[in-house]
Amino acid sequence: MAHVFPDIAISLPAWLQHYSFDTAYPAVENRMQLVIELSRLNVELETGGPFAAAVFDVRNHRLLAPGVNRVVPAHASVAHAEIIALTIAQQMQHHFDLGATPESSYELVSSTEPCAMCFGALPWSGISSLVCGARDADARRIGFDEGPKHQDWQHQLRARGIQVQTDVCRKDAVAVLECYGDKNMPVYNGRAGKRQLTHHSRSLSDFGSRHEK
Ligand SMILES: [Zn+2]
């Protein structure tokens, strides 16, 4: 029996396709405030989770690609804002590697520090820098599982030539997370949030220390 499997397509919400972007976002705070605004609109318009990201061209500070969380509407656990922004940027560049040429340099700005999955995607993406607003602890505080991320994740990115800047406009980014929490919107962790941790994988810190010894 032949199966027909669906193509994979994840769309940005319609409001984002019609959003009026500035020509350029010169300061890092400008870029972060745009991303926080997109995360806020994603919550207010109920088109996904409280997270947004965007890829900017480091040379001219222009937006290349935005992304917002689409896990619930797209029926896709990987549809995090960072993955969407990076993938749209790569589609627009017609290349899987945003650092494919010596002159190309792209920055990912994320409203919250990346989860374990998005952290893993960063070196593959070819970006040269990462800017974060809220901390992963801020996301955990409203119930999101950030996954088994190594505690020295920032060092690991820097060791691969990816610059990392954290806590940019953190207060404003956290306000969007808290707004989502206050609205009692879905917290879409895997397995309905049932964490089946064994003594082999107790916690993030255990994960890190076991492998460093
Ligand atoms: Zn993620």
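The structure is a predicted model, in which local features need pLDDT of at least 70, side-chain atom pairs count only at pLDDT 80 or more, and totals for chains, interfaces and linings use all residues. Residues are numbered from 1 along each chain as its sequence is written.

We can start with the chain as a whole. Its secondary structure amounts to 9 helices and 5 strands, where helices (H or I, at least four residues) and strands (E, at least two) are DSSP runs numbered from the N terminus. In sequence order these elements give the pattern α-α-β-β-α-α-β-α-β-α-α-β-α-α. The C-alpha trace spans about 50 × 50 × 40 Å along its principal axes. For 213 residues, a compact globule would have a radius of gyration near 17 Å, and the chain agrees with this at 17 Å; the radius is taken over C-alpha atoms, and the globule rule is 2.2 Å times the number of residues to the power 0.38. Of the 213 residues, 34% count as buried. Here a residue is buried if 20 or more other C-beta atoms lie within 10 Å of its own, exposed if 12 or fewer, and partly exposed in between, with C-beta atoms placed from the backbone. Two residues are in contact if their C-beta atoms, likewise placed from the backbone, lie within 7 Å. Among contacts with a separation of 6 or more, 66% join residues 24 or more positions apart.

Helix α2 (28-44) has 17 residues and reaches 24 Å from its first C-alpha to its last, close to the 24 Å expected at 1.5 Å a residue. The expected span is 1.5 Å times one less than the number of residues. The buried residues of α2 include R31, M32, L34 and V35, and its buried residues pack against α1 (14-17), β1, β2, β3, β4 (129-134) and α8.

What follows α2 is also worth a look. L45 sits in the loop between α2 and β1 (52-57). L45 is partly exposed because 13 other C-beta atoms lie within 10 Å. Apart from neighbours within four places in sequence, L45 is in contact with P13 and W15. A76, by contrast, is 31 residues from L45 in sequence and 19 Å from it in space, C-alpha to C-alpha. E46, which follows α2, has a positive phi near 55°.

Helix α4 (residues 81-93) is built from 13 residues, which should span 18 Å at 1.5 Å a residue; its end C-alpha atoms are 18 Å apart, in agreement. Its buried residues are A81, E82, I83, I84, A85, L86, A89 and Q90. The elements covering them include β1, β2 (62-68), β3 (106-112) and α5 (116-125). Just after α4, H94 takes a positive phi of about 50°.

Most residues other than glycine have a negative phi. Two further residues with positive values lie in loops towards the end of the numbering given here. D167, with a phi near 65°, lies in the loop between β5 (163-165) and α8 (170-182). D167 is partly exposed, since 13 other C-beta atoms lie within 10 Å. N184 has a positive phi of about 55° although it is not a glycine, and N184 is found in the loop between α8 and α9 (204-212). N184 counts as exposed because it has 7 C-beta neighbours inside 10 Å.
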